[in-house]
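Trainee: Could you walk me through reading side-chain contacts and strand pairing in a model?
Mentor: Gladly; let us look together.

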Amino acid sequence: MLEAYLPQSLREWVHTKLTELRALLVENGILAAQDSDVGESKVVQDARTHLNSVKSERDSHKSDLESNEQDLQKDYGADDVFRALKGQCITVESGEYNYEHCFMDKTTQKPQKGGMDTGMGYFERIEMVTVDEEEPADGKGLGSGERIALKYENGAHCWNGPARSTTVILACAAENEIWKVVEAEKCVYRMEAGSPAACVDEPVSANGKTGKKDEL
Ligand code: MAN
C-alpha cells in the first residue's frame, strides 16, 4: 500500500505513525486488536451486548403484553366484578377437610389431619344457574332465583372417576365466605358461598328479579 511508494526514511516514519495510530484506535475500542480472538472491536462488542439486552427486554415486554391481552379477553363477569377478587382465597372447614376457594383461580381440598392437598379444579368460566332453596335464618344461603356460578374444572383425577371439578354458586352477601360444601357426585363438588361481587343488578332473571337478595 501507500508505504511501498515512499523513500525508506519516510516509509519508516509513516509506518511508526500508522502503528501508533492503530494502537490508539484499538485502545479506544474503535478497531479490533489484530490478534483478538473475537475479531471485533470493543465498541462492536459493547453494541452487541447492548442489543442483546434490549432484545431480551423487548421479548419480556412482548410476553407481558400477550398475557395482558389474553387476560382482557377473559370473562370476569358483569362490569368485571370478579377481576378485583382474582387470586383472593377463602376457606371453610367441612368434614375431615378444609376447602379453599381462590377466586378465578382454583379450588382445593386440604385434609385436616395433614397430607397432600387435592386440586378440585382450575377456573374455567362463569355460568348462571337457577336455584330454589329455603333460605336459612342467618341469610347464609343461596335463596331462590338466578345465581352466578364459577366453574372450576380439570382438578386432580378421581380414582376410577373423572377429574375433580367444582361449581361455586354465589349469592349476595357482605363478606366473601363459603357457607357449605357438598360432594354431589363422587369428585364433583358444589360450594355455596356469599360475596359482595354477587350483589350486582345484572342479570335480570325471567321473573324480573335481580341476583340481589332482598335483605341486602
Ligand atoms: C378423596 C377425596 C374425596 C373423594 C375421594 C375419591 O378421599 O377427594 O372427596 O371422594 O378421594 O376417591
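**Salt bridges and a sheet**

Mentor: The side chains of arginine 190 and glutamate 133 meet in a salt bridge, 2.6 Å from N to O. A salt bridge here is a side-chain nitrogen of Lys or Arg within 4 Å of a carboxyl oxygen of Asp or Glu. The model is predicted, so local features need pLDDT of at least 70 and side-chain atom pairs count only at pLDDT 80 or more, while totals for chains, interfaces and linings use all residues. Residues are numbered from 1 along each chain as its sequence is written, and side-chain values use heavy atoms, with hydrogens and water left out.

Trainee: Where in the chain do arginine 190 and glutamate 133 lie?
Mentor: Helices (H or I, at least four residues) and strands (E, at least two) are DSSP runs, numbered from the N terminus. Arginine 190 belongs to strand β8 (residues 188-195), and glutamate 133 to the loop between β4 (118-132) and β5 (144-153); the pair links distant parts of the chain, 57 residues apart.

Trainee: How many salt bridges does the structure hold?
Mentor: There are 14 salt bridges. Asp71, Lys74, Asp80, Arg83 and Lys86 are linked in a network of them.

Trainee: Which salt bridges does aspartate 71 form?
Mentor: With lysine 74, its closest N and O atoms are 3.8 Å apart; with arginine 83, the closest N and O atoms are 2.9 Å apart. Arginine 83 lies in the loop between α2 (42-73) and β1 (89-94) and aspartate 71 in helix α2, so this pair ties together parts that are 12 residues apart in sequence.

Trainee: Is aspartate 71 buried or exposed?
Mentor: Buried means under 20% relative accessible area, exposed over 50%, and partly exposed in between (1.4 Å probe, protein chains only). Aspartate 71 counts as buried, at 16%. Lysine 74 is partly exposed at 44%, and arginine 83 is partly exposed at 27%.

Trainee: What is the strand order in the open sheet?
Mentor: Strands of a sheet pair through backbone hydrogen bonds, either parallel or antiparallel. Two strands count as paired if DSSP finds at least two bridges between them. Here the eight strands of the open sheet run β1-β2-β3-β4-β5-β6-β8-β7, with mixed pairing. β1 and β7 (177-185) stand at the edges with a single partner strand each, so one side of each is left without a neighbour in the sheet.

Trainee: In which sense do β2 and β3 pair?
Mentor: Strand β2 (residues 97-102) and strand β3 (residues 106-111) are antiparallel, over six bridges. Tyrosine 97 stands opposite proline 111 in β3.
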